[in-house]
Amino acid sequence: MKSLKITEESLDGPAKGEVRVAIKAIGLNFADVFSVWKLYSAIPKGAFIPGLEYAGEVESVGEGVTSLKPGDRVMGICRFGAYSSHLNIDARYLINLPADWSYEEGASYLVQSLTAYYALMDLGGLKENKTVLVHSAAGGVGTYANRIAKKMGAYTIGTVGSASKVDYCKKEGYDEVIVRDNKNFGPQLENVLGDRPLDLILECIGGPVLKAGYVSLAEQGRMVVYGSAYYASDRDKPRFIDLFLKYKRRPMIDPQQMIQFNKGILGFNLIYLYERVELMHQLLGELSTLNLDKPTVGEVFTFENLPDALRLFRTGKTIGKVVVAI
């Protein structure tokens, strides 16, 4: 995280269709970690401002913007640029912040809820009485994945990396919680499943855990991959030989065998929805009908301590969302 530096830049007024937002809170995501390490394929060339998710106050609006006005409290997403005090953004990527939500809560909602909902419903085809396995169950996506799945009448199994997170997951309503042993996850999962078929996996770990989950999938089961925490490191600058070895040892799954076993794997990146703003708003409308609870905000850091926030976040020791307040 040593590559992060605070700099001052001038910002022109918002262009046609844009809004200037004074950012009050930034939500951290694993994509941020890989962006800072320059291991995220979507990052711009050269110096750039990381950050996908934020909440703040509208300062000014550009020509043609009628949906928002100065003083409105908003939450939003962007491809990059949220690690800043102010941001000009297309007004279509801003959502009004509910009156009873804090900025920290607003910066904890969009990426998590959209990822969970799209993965479960559109890609996963979730239906009532299906069994869903959710990794990183105590995180932002994991929390919303369980809430959505329970609204749909599913049976949910969550996995966590520490026993300290079990009580939180049980309080959130997970039916079963596994303290994940990455080397022996297969037997752990089979023990919890018993005779119950595993219909859907939200996969964000990778490595042996991904392989064990795939083996346990029932016929017509689906795995939706949206992250790879397996490649995380406790170093500010990861050892690339370690990453290379993990990459070389990644699970090799033959797509032709999927025909025999009648199950499949789908990949998902939130940029897909960002580039299809109409679909994004459609999904947010569907989410609003579920009346889900507020996001869970875990740790809150100051802007000056943003590198420390990323260091803690990448350890996987947090619950809910890690937020940086400005």
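Q: What makes I241, F244 and L245 a nonpolar patch on the surface?
A: A patch is made of residues with over 30% relative accessible area and no salt bridge, where nonpolar side chains (Val, Leu, Ile, Met, Phe, Trp, Tyr) are joined within 5 Å and like charges within 9 Å. I241, F244 and L245 form such a nonpolar patch, and together they have about 260 Å² of accessible area. Accessible areas follow the Shrake-Rupley method with a 1.4 Å probe, and for residues only the protein chains shown count as cover. This is a predicted model, in which local features need pLDDT of at least 70 and side-chain atom pairs pLDDT 80 or more, while totals for chains, interfaces and linings use all residues. Residues are numbered from 1 along each chain as its sequence is written, and side-chain values use heavy atoms, without hydrogens and water.

Q: Why is L245 called partly exposed?
A: The relative accessible area of L245 is 32%. Buried means under 20%, exposed means over 50%, and partly exposed lies in between (1.4 Å probe, protein chains only), so L245 at 32% is partly exposed. L245 belongs to helix α8, residues 240-248; helices (H or I, at least four residues) and strands (E, at least two) are DSSP runs numbered from the N terminus.

Q: How is it known that the protein chain agrees with a compact globule?
A: The globule rule is 2.2 Å times the number of residues to the power 0.38, and the radius of gyration is taken over C-alpha atoms. For 326 residues a compact globule would have a value near 20 Å, and the protein chain has 20 Å, so the two agree. The C-alpha trace spans about 60 × 45 × 40 Å along its principal axes. Of the 326 residues, 50% count as buried. The chain has 12 helices and 13 strands.

Q: What makes the count of disulfides what it is?
A: A disulfide is a pair of cysteine sulfur atoms within 2.5 Å, and by this rule the count comes to zero. For C169, the nearest cysteine sulfur is that of C204, 12 Å away, and C169 is in no disulfide. C169 is also buried, with a relative accessible area of 0%, and C78 is buried at 5%.

Q: Why is the pair of K321 and E53 called a salt bridge?
A: A salt bridge is a side-chain nitrogen of Lys or Arg within 4 Å of a carboxyl oxygen of Asp or Glu. The closest N and O atoms of K321 and E53 are 2.8 Å apart, which meets this limit. K321 lies in strand β13 (residues 321-325) and E53 in strand β2 (residues 53-61), so the pair ties together parts 268 residues apart in sequence. Both residues are buried. The whole structure holds eight salt bridges.

Q: What makes K294 and E105 a salt bridge?
A: The N to O distance of K294 and E105 is 3.8 Å, inside the limit. K294 lies in the loop between α11 (277-288) and β12 (297-302) and E105 in helix α2 (residues 103-106), so parts 189 residues apart in sequence are tied together. K294 is partly exposed at 32% relative accessible area, whereas E105 is buried at 16%.
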